[in-house]
Amino acid sequence: MLTPSPQDLRVALARYADARIEDARRSTDATARIVEDAAYTLCVMTGTQAVPQALHAADSMLGVRATVSPALRRSAGTQRDDSLQAV
């Protein structure tokens, strides 16, 4: 797997976050497709198959220690209560 540049990874993370916010604000078929596309891109870039793992992998690649809020865990489909930590 090719490792994405930090800048490209940050752009993909921002695109995913923006898509999720817009879909939460005003959910339509188009916004749902944009979320799916952004999630797919993030998964491909991180070599994962699900958004929670992609977010964790992206944080690890960027060397970020991430504390995930309970709301984000629910929306991303994971129930872990502990903080995600980059290795």
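**A helix and its partners**

A: The buried residues of H1 pack against H2 and H3. That gives us a place to start, and the close look will be at H2.

First, the setting. This is a predicted model. The chain has 4 helices and 0 strands. Along the sequence the pattern reads α-α-α-α. Of the 87 residues in the chain, 33% are buried. Mean pLDDT for the chain is 84, and 72% of the residues reach 70 or more. Treat residues 78-87 with care: pLDDT stays under 50 there. For that stretch the model has 21 contacts beyond four places in sequence.

Now H2 itself. Helix H2 covers residues 29-46, which makes 18 residues. From its first C-alpha to its last it reaches 26 Å, close to the 26 Å expected at 1.5 Å a residue.

Next, sort the residues of H2 by burial. The buried ones are Thr31, Val35, Ala38, Ala39, Leu42, Cys43, Met45 and Thr46. They sit on the same side of H2, because they cover an arc of only 165 degrees around the axis. An α-helix has 3.6 residues a turn, so residues three or four places apart point the same way.

What covers the buried residues of H2? The cover includes helix H1 (6-25) and helix H3 (51-62).

H1 has 20 residues and reaches 28 Å from its first C-alpha to its last. That is close to the 28 Å expected at 1.5 Å a residue. The buried residues of H1 are Leu9, Ala12, Leu13, Tyr16, Ala19 and Asp23. Seen down the axis of H1, they fall within an arc of 125 degrees, so they line one face of the helix. The face turned away from that buried side carries the exposed residues Gln7, Val11, Asp18 and Arg25.

H3 brings in Leu55, which lies in that helix. Leu55 counts as buried because its relative accessible area is 17%, and the cut-off for buried is under 20%. Which residues does Leu55 touch? Not counting residues up to four places away in sequence, Leu55 touches Leu13, Tyr16 and Leu42. Leu13 and Tyr16 are among the buried residues of H1, and Leu42 is one of the buried residues of H2. Leu55 and Leu13 are 42 residues apart along the chain. Their C-alpha atoms are separated by 7.9 Å.

Now put the pieces together. The largest nonpolar core has 16 residues. Those with the most contacts inside it are Leu9, Leu13, Tyr16, Leu42, Val51 and Leu55. The elements that give two or more residues to this core are H1, H2 and H3. The largest share, 6 residues, comes from H2. In soluble globular proteins, nonpolar side chains tend to be buried together.

Finally, step back to the whole chain. Take the contacts between residues at least 6 apart in sequence: 46% of them join residues at least 24 apart. The chain exposes about 5800 Å², and carbon and sulfur atoms supply 54% of it.

Terms used:
Residues are numbered from 1 along each chain as its sequence is written. This is a predicted model: local features need pLDDT of at least 70, side-chain atom pairs count only at pLDDT 80 or more; totals for chains, interfaces and linings use all residues. Side-chain values use heavy atoms; hydrogens and water are left out. The expected span of a helix is 1.5 Å times one less than its number of residues. Buried means under 20% relative accessible area, exposed over 50%, partly exposed in between (1.4 Å probe, protein chains only). The arc is that of the directions from the helix axis to the C-beta atoms. Contact means heavy atoms within 4.5 Å. pLDDT is the predictor's confidence in each residue, from 0 to 100. Accessible areas come from the Shrake-Rupley method with a 1.4 Å probe; for residues, only the protein chains shown count as cover. A nonpolar core is a set of buried Ala, Val, Leu, Ile, Met, Phe, Trp, Tyr and Cys residues joined through side-chain atoms within 4.5 Å.
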